[in-house]
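Q: I have not worked with this protein before. Could you take me through its structure step by step?

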Amino acid sequence: MAGFDKVVSSYEAAMEGLKDGDTIIAGGFGLCGIPEGLISEIKRKQTKDLTVVSNNCGVDDFGLGILLHDKQIKKIIASYVGENALFEQQLLNGEIDVVLTPQGTLAEKMRAGGAGIPAFYTATGYGTPVAEGKEVKEFNGRPYILEESITGEFAIVKAWKADRYGNLVFRHTAMNFNPMAATAGKITVAEVEEIVEPGELEPSQIHTPGIFVNRVIKGSFEKRIERITTSD
């Protein structure tokens with residue numbers, strides 16, 4: 001990268017510095033808005049003992065699910081894992097550590113981490129196994145549990161457009177988790193559909209300012225549909 005120009009030309013350069021034992025914050029919702037090429041590069045690198053923080057873990061042969069085949073993921077913090085048979089098998093066999101987290105809480109953990117907030121109180125999960133071992137405090141007569149925020153060595157996100165300074169615009173369902181994840185990494189890498197020159201993005205339409213983004217790469221995306229439903 002030269003100066004403010006954050007564009008890299010290879011996936012190897014995009015994920016340079018990732019090492020065994022790192023925590024990765026991954027944006028996306030189901031198979032929508034996921035950084036497909038960056039995930040494939042992690043698989044190619046064969047980085048091990050990873051902690052992955054994401055809404056879900058893809059499916060058996062796509063998305064984050066491809067990292068399960070060689071057991072690259074040691075721990076996952078997620079809110080939904082129901083579409084991945086290999087994940088289920090590894091969970092039942094005790095081969096992977098799973099922390100199921102309410103979806104809104106998970107999003108706020110990322111956002112708070114990116115904002116430098118170490119923890120926050122939420123009513124979500126009180127009185128359930130989610131609250132076990134956590135501090136409880138009452139506000140206005142209602143109990144809340146203390147949740148710690150999350151940050152990682154890397155955050156990987158998928159955006160619609162970026163400029164060379166790293167300003168990002170997300171589109172439709174990719175707005176789920178990607179904007180929060182982008183703020184929570186020590187190194188944030190954005191895989192995007194289109195790169196434009198500085199000044200071409202309308203400032204009021206930028207979702208993630210470039211100050212949060214370290215590397216940008218133009219990708220090509222399969223955009224697989226998780227469940228195809230058609231009429232007869």
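Q: How do strand 5 and strand 7 pair?
A: Strand 5 (residues 119–122) and strand 7 (residues 142–148) run antiparallel, joined over 4 bridges. Strands pair here if DSSP finds at least two bridges between them. Helices (H or I, at least four residues) and strands (E, at least two) are DSSP runs, numbered from the N terminus.

Q: What kind of model is this, and how are residues numbered?
A: This is a predicted model, in which local features need pLDDT of at least 70, side-chain atom pairs count only at pLDDT 80 or more, and totals for chains, interfaces and linings use all residues. Residues are numbered from 1 along each chain as its sequence is written, and side-chain values use heavy atoms, with hydrogens and water left out.

Q: Back to the strands. Which residue is the bridge partner of Tyr121 in strand 7?
A: Tyr121 has Leu146 as its bridge partner there.

Q: And how many bridges hold strand 6 and strand 7?
A: Strand 6 (residues 136–139) pairs with strand 7 over 4 bridges, also in the antiparallel sense. The hairpin of strand 6 and strand 7 has 2 residues between the strands, and Asn140 takes a positive phi near 50° in it.

Q: What is the order of the strands in the sheet?
A: The order is 5-7-6, in an open sheet of 3 strands with antiparallel pairing. Strand 5 and strand 6 each have a single partner strand, so one side of each edge strand has no neighbour in the sheet. On average, neighbouring strands are turned by 40° against each other, direction ignored.

Q: Which helix packs on that sheet?
A: Helix 4 (residues 103–114) does, touching strand 5 and strand 7 (contact means heavy atoms within 4.5 Å). The direction of helix 4 makes about 150° with that of strand 5. Axes are lines fitted to C-alpha atoms, for helices over the stretch in contact, and angles run from 0 to 180 degrees between N-to-C directions.

Q: New topic: how many aromatic pairs are there?
A: The structure holds 3. Rings of Phe, Tyr and Trp (its six-membered ring) pair if their centres lie within 6.5 Å; planes under 30 degrees apart are stacked, over 60 edge-to-face, and the rest tilted.

Q: Why is the pair of Phe4 and Tyr165 called tilted?
A: The planes of Phe4 and Tyr165 stand at 55°, with the ring centres 5.6 Å apart, so the pair counts as tilted. Phe4 lies in the segment before helix 1 (11–14) and Tyr165 in the loop between strand 8 and strand 9 (168–169), so the pair ties together parts 161 residues apart in sequence.

Q: Which residues form the ring cluster?
A: Tyr121, Phe139 and Tyr144 are linked into a cluster by ring pairs.
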